[in-house]
Amino acid sequence: PSLAPLGARRSAPGAFVAKTATPTAATSTPVVPQPSFDDLKKQAEEKLKVATAAPTKEEVEQRADYFRKQRELLLKSKQAERDAELKKYTNETAPDVIPTANTGGSGAPEVDKNITVALARRF
């Protein structure tokens, strides 16, 4: 006995019967006609026209206002950040040490002792 080909079944010895599916109302799906290539092309062109349409004057003004506000917020935050950084720097450095040039008897400027000590602490 030979094997039956795929999709066939054996009903009698030596006879092969092809399997046929009988569609039922529950398993069959309604046939929906597919749009033609020209219809699809027209739909794509219409979507492209809508997507690339120039913005209206009102939309341009709204965007400009939005970006102006964002710029102002960014500038304020950056200024606050710079102020905080400057304040931190001035607090960390010795505020009581002010560089002064004292002129000694030789006429050459001498560095104040406090400045020397402050510089030594940094290094």
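The following conversation concerns a predicted model of a protein.

Trainee: Which secondary structure elements does the protein have?
Mentor: The protein has three helices and four strands. Along the sequence they are arranged as β-β-α-α-β-β-α.

Trainee: And how much of the protein is buried?
Mentor: Of the 123 residues, 3% are buried. The accessible surface amounts to about 11,900 Å², and carbon and sulfur atoms contribute 59% of that surface.

Trainee: What share of the contacts with a separation of 6 or more comes from residues 24 or more positions apart?
Mentor: Such residues account for 6% of those contacts.

Trainee: Turning to side chains, how many salt bridges are there?
Mentor: The count is one salt bridge. It joins Arg68 to Asp65, with an N to O distance of 2.7 Å.

Trainee: Where do Arg68 and Asp65 lie?
Mentor: Both belong to helix H2, which covers residues 57-92. They are three residues apart, or about one turn of the helix.

Trainee: New topic: how many aromatic pairs does a search of the whole structure find?
Mentor: The search finds one aromatic pair. Tyr66 and Phe67 form this pair, with 5.5 Å centre to centre and 65° between the planes, an edge-to-face arrangement.

Trainee: What are the relative accessible areas of Tyr66 and Phe67?
Mentor: Tyr66 has a relative accessible area of 48%, and Phe67 has one of 45%. Tyr66 is partly exposed, and Phe67 is partly exposed as well.

Methods: Residues are numbered from 1 along each chain as its sequence is written. This is a predicted model: local features need pLDDT of at least 70, side-chain atom pairs count only at pLDDT 80 or more; totals for chains, interfaces and linings use all residues. Side-chain values use heavy atoms; hydrogens and water are left out. A salt bridge is a side-chain nitrogen of Lys or Arg within 4 Å of a carboxyl oxygen of Asp or Glu. Helices (H or I, at least four residues) and strands (E, at least two) are DSSP runs, numbered from the N terminus. Rings of Phe, Tyr and Trp (its six-membered ring) pair if their centres lie within 6.5 Å; planes under 30 degrees apart count as stacked, over 60 as edge-to-face and the rest as tilted. Buried means under 20% relative accessible area, exposed over 50%, partly exposed in between (1.4 Å probe, protein chains only). Contact means heavy atoms within 4.5 Å. Accessible areas come from the Shrake-Rupley method with a 1.4 Å probe; for residues, only the protein chains shown count as cover.
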